[in-house]
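Biologist: I am new to this structure and would like to learn how to read it. Could we go through some features in turn?

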Amino acid sequence: MVKFEILKHELVPQFEILKKEEIEALRHTYGIKKEDLPWIRRSDPVCKEIGAKPGDVLKITRKSPVAEQSVGYRYCVPG
Amino acid sequence: MSLSDIAKAMKAIKFGLLSPEDIRKMSVVNIITADTYDEDGVPIEAGLMDRRLGTIEPGQKCQTCGNRVGQCPGHFGHIEMARPVIHPGFAKTVYLMLRATCWNCGKLLLAKEEYEKYTLMMERYKRRWPQLRFKLADRITKKANKTSECPYCGQEQYKIKFEKPTTYYEEHKEGNVKLAANEIRSRLERLTDQDAALMGLDPLLARPEWMVLTVLPVPPSAARPSITLESGVRSEDDLTHKLVDIIRINERLKENIDAGAPQLIIEDLWELLQYHITTYFDNETSGIPPARHRSGRPLRTIAQRLKGKEGRFRSNLSGKRVDFSARTVISPDPIISINEVGIPFDIAKLLTIPERINKYNLEQMKILIQNGPDDHPGANYIIRPDGRRIDLRFPKDRKTIADSVEVGYEVERHLKNGDVVLFNRQPSLHRMSIMAHRVRVLPYKTFRLNLCVCPPYNADFDGDEMNLHVPQSEEARAEALVLMLVQEQILSPRYGGPIMGGIQDYISGGYMLTRKETQVTREEASQLLTSSGFDGDLPEPAITEPEELWTGKQLASLFFPKDFNYTLKSNICLKCPTCKKEECEHDAYVVIKNGQLISGVIDKKAIGAGQPESILHRLIKDYGTDMGRFYIDKAFKLFLSFIDTRGLTIGLDDEELPQQAKDKVSVVVGEAEDKTAKLISIYNQGLLERLPGRTLEETLETKIMQELEEAREKAGEIAGSNLKDGNTALLMARTGARGSLMNLAHMVACVGQQSVRGERVIRGYQGRTLPHFKQGDLGARAHGFVYSSYKDKLNPIEFFFHAMGGREGLVDTAVRTSQSGYMQRRLINALQDVRVEYDGTVRGTDGSILQFKYGDDGVDPAKSDHGKAVNIDKIIERVISAGGK
Ligand SMILES: [Mg+2]
Ligand SMILES: [Zn+2]
Ligand SMILES: [Zn+2]
Ligand SMILES: [Zn+2]
């Protein structure tokens, strides 16, 4: 079976693993711990694809019907 | 010492299991007698009502703690089980643990390397993702279950079968072997603390073998009080009954074991004991018959006390009961403001507000005290600075009491006009179900409310009752006034438009007043404006010769602000392909320039409830909620006054069609019948073309349905265009006041196809719907098409089909409301403490982020313009019109 490139599918938003400093900046802007972000599991197809490890923070940029573009973050957890 | 001195901040709650030792330690008596009281009504020693379990009779001292009824907390007893029994609440957990461990050596069925890997993983999870540790435990348990041979003792593992609620079998080659509870318990005992921890238990608080009971706690008598009926007969609580059963069987089992009875008898008794324990915890356990009272009523045991709507949680813990509330039938009052609620004198005299006496209100308060509890602006109680309450019902001479009060006293005075109260109608589905109103004390016995607040409460006056609450503190009143006052709730976040507004006669009246031909004399204009509370001058009359006449549009314009500009298409607009705008011959294009209604009529689109982009919506957005209240209170009254002067009614002659229109309708319907017949014959000849994705039969059905629907529509059009000018039913349908053109067509032309489950009627007898038809008749008449109109009368067959369709509608509504109610409950429970923080994020109670920006754009739908933060077109329009000046 040909492997399906999920990252290129139009319904899959853009994912990006944040660098250490970016995580710190994010924690500062929202005044939170990493665990307070919404979680994503390492077994999520996107995590497997981009190689996210538990402890990483992902930035998601997606098209939004109301705000044109919206940015969200996920905290990668095992499982 | 007050409670706050001893209170400590709670950091966490941890749940665990009671160990047999714990149960014995907290027990004050070992219960061995299955009886409660002897013949003299004295509690039996070591019985279920033993005095040591706490006292429930007033005046008696508790034998354990020495306290009397109110103080004694009650004390647990215990029952020593003759044989262990499974706790039904943990049966599933016991099953999972049995499967994951070796029957021989009791080890968790994981090879050494794997065991160590998972131990490390569990350590890490506990440090970093404690919430996920149960997921990991599940994974470990599942993994261990897959092992078929013990890696430690090498024994082959048997498959274990679990039969609900509490039976376990081991599948041997020779057949299934039942596992007794004592065997299960000893297997669980062999589990090490580390193994238990890997399976998600905290072994210090919950050893696995504690899930098999050897000792049963007996709740204090206060938790299962016996009641004495008037006849002197004692009646025991359901729990006591169940405990009696348990003790009786337990003692029998003990005797039989001691006497060395045959294994079979012992096993039977053991199973019976397990049944009683299971039903003691939950009498609605699936798979076993519920234990019943002598009368046949199922017993209400522990789970039933907690579960459901009448359970401890929903009824006693979340169910709040309050003082300072009232409930009565509601009725309409178009004269009071939307911010007001009419309250009967009788209720105003019972509900009170505490008011502190100061030098400014002293004299007024003295009058209230003199009036006492029975005359309306009066008072029911005085509270002295030392906290003593003086009841004003009893003293004959209230004058001296009134003279004796001073500044600093508090008076509980009657509700009076202008007080702030909360008004509520169930079901409270959205925030507009509870709004703050100002009191208006009125005669008679019902709550009165303005008709424009019916939509948010979803109220009508066919016997609806509503509740009223009186805030008691200044803070509560201020908060209610700022956040909950009716006028602050006109714009709903649900609609992005005003949820309140004109309904029914308001809309008819607005239309009748503002249509082109309406002209009124000076006398009539004065009358109308006075009754709507207008206090300005009459404008210049539109017509001066031969007599002074004012147009309805002129009068309707008087309530707009002078700089108000707006255009919209009204409800009567026919949506012509090219709109002629101001020149529209139906007067459907509404133009307001500088506060003057230049053209168009006011109808549902302009003032209706729940209409976004209406005049009302614009007024509130541009001029604020005070303007909204003013417009609804004043202008709406004008519409009603006008409809009062002209009258609006429908009668039988409104459903009369001219003969030639009737003929046209029958031609249309006849044609449809012919076409249906033709379709059927094409189908019978096998020439019908199949539609994609449908069978031939479905294709025929769809085509017939389309044909008949089209016929009904055409009949409706004929009816609509042939009704006499000035037909009031038509007026109401077109302006959106009440009813639709379809309703009208049903009355005058043709009721049309009746459907059951979205299809033509097909159920009934073999091959036909009713015995009046031939089998296999596919015609319209045989499948629920009603040719007649309501006015013409339905024939019995049509009537029957109509009833079928109608019944389905009723059942659907009943089912839908219960289902959506349940969903509502679950959504509210899940979302109740989610909130939008000041930084625009949506967060849970623990500060976790649920949305990074509320709704992705941070826009409050109630304040938005069509869901957008700003409406650029509107701003440009306004700037241009202002610049042109
Ligand atoms: Mg009702
Ligand atoms: Zn006591
Ligand atoms: Zn073993
Ligand atoms: Zn038009």
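Biologist: What spacing do the donors of the magnesium ion (ligand 1) follow along the chain?

Modeller: This is a predicted model. The donors of the magnesium ion (ligand 1) follow the spacing D-x1-D-x1-D. They are Asp460(B), Asp462(B) and Asp464(B), each coordinating through OD, at 2.0 to 2.1 Å.

Biologist: Is Asp462(B) buried or exposed?

Modeller: Exposure is read from relative accessible area, and a residue counts as exposed over 50%. Asp462(B) has 64% relative accessibility, so Asp462(B) is exposed. Asp460(B), at 37%, is partly exposed.

Biologist: Into which domains is chain B divided?

Modeller: Domain 1 covers 87-211, domain 2 covers 325-498, domain 3 covers 505-646 and domain 4 covers 652-796. Taken over C-alpha atoms, the centres of domain 2 of chain B and domain 4 of chain B are 55 Å apart.

Biologist: Which residues touch the most other members of the largest nonpolar core?

Modeller: That core has 79 residues, and those touching the most other members are Leu468(B), Leu555(B), Ile602(B), Ile615(B) and Tyr631(B). The element that gives the most to this core is helix H22 (residues 625-646) of chain B, with 10 residues. Another core, of 77 residues, lies apart from it and includes Leu18(A), Leu108(B), Tyr118(B) and Ile849(B).

Biologist: With which residues is Leu555(B) in contact, leaving aside its neighbours within four places in sequence?

Modeller: Leu555(B) is then in contact with Leu513(B), Val520(B), Ala525(B), Leu528(B), Leu529(B), Trp550(B) and Leu638(B).

Biologist: How are two packed helices described?

Modeller: One gives the angle between their axes and the distance between the axes. Here, take helix H3 (residues 91-100) and helix H5 (residues 133-145) of chain B: the axes come within 7 Å and cross at roughly 50°. H3(B) and H5(B) are therefore oblique to each other. On the H3(B) side the contact is made by Leu96(B), Arg99(B) and Ala100(B), and on the H5(B) side by Thr141(B), Ala144(B) and Asn145(B).

Biologist: Where does His75(B) lie?

Modeller: His75(B) is in the loop between helix H2 (20-26) and strand E1 (77-86) of chain B.

Biologist: Why does His75(B) count as buried?

Modeller: The cut-off for buried is under 20% relative accessible area. His75(B) is buried because its relative accessible area is 13%. Leaving aside neighbours within four places in sequence, His75(B) is in contact with residues including Val28(B), Arg52(B), Leu53(B), Cys62(B), Cys65(B) and Pro220(B).

Definitions and conventions
Residues are numbered from 1 along each chain as its sequence is written. Chains are lettered from A and ligands numbered from 1 in the order in which they are written. This is a predicted model: local features need pLDDT of at least 70, side-chain atom pairs count only at pLDDT 80 or more; totals for chains, interfaces and linings use all residues. Side-chain values use heavy atoms; hydrogens and water are left out. Donors are N, O and S atoms within 2.8 Å of the metal (3.2 Å for Na, K and Ca); water is not among the atoms, so sites may look incomplete. Buried means under 20% relative accessible area, exposed over 50%, partly exposed in between (1.4 Å probe, protein chains only). Domain bounds come from an automatic or database domain assignment. A nonpolar core is a set of buried Ala, Val, Leu, Ile, Met, Phe, Trp, Tyr and Cys residues joined through side-chain atoms within 4.5 Å. Helices (H or I, at least four residues) and strands (E, at least two) are DSSP runs, numbered from the N terminus. Contact means heavy atoms within 4.5 Å. Axes are lines fitted to C-alpha atoms, for helices over the stretch in contact, and angles run from 0 to 180 degrees between N-to-C directions. Angles under 35 degrees count as roughly parallel, over 145 as roughly antiparallel, 65 to 115 as roughly perpendicular and the rest as oblique.
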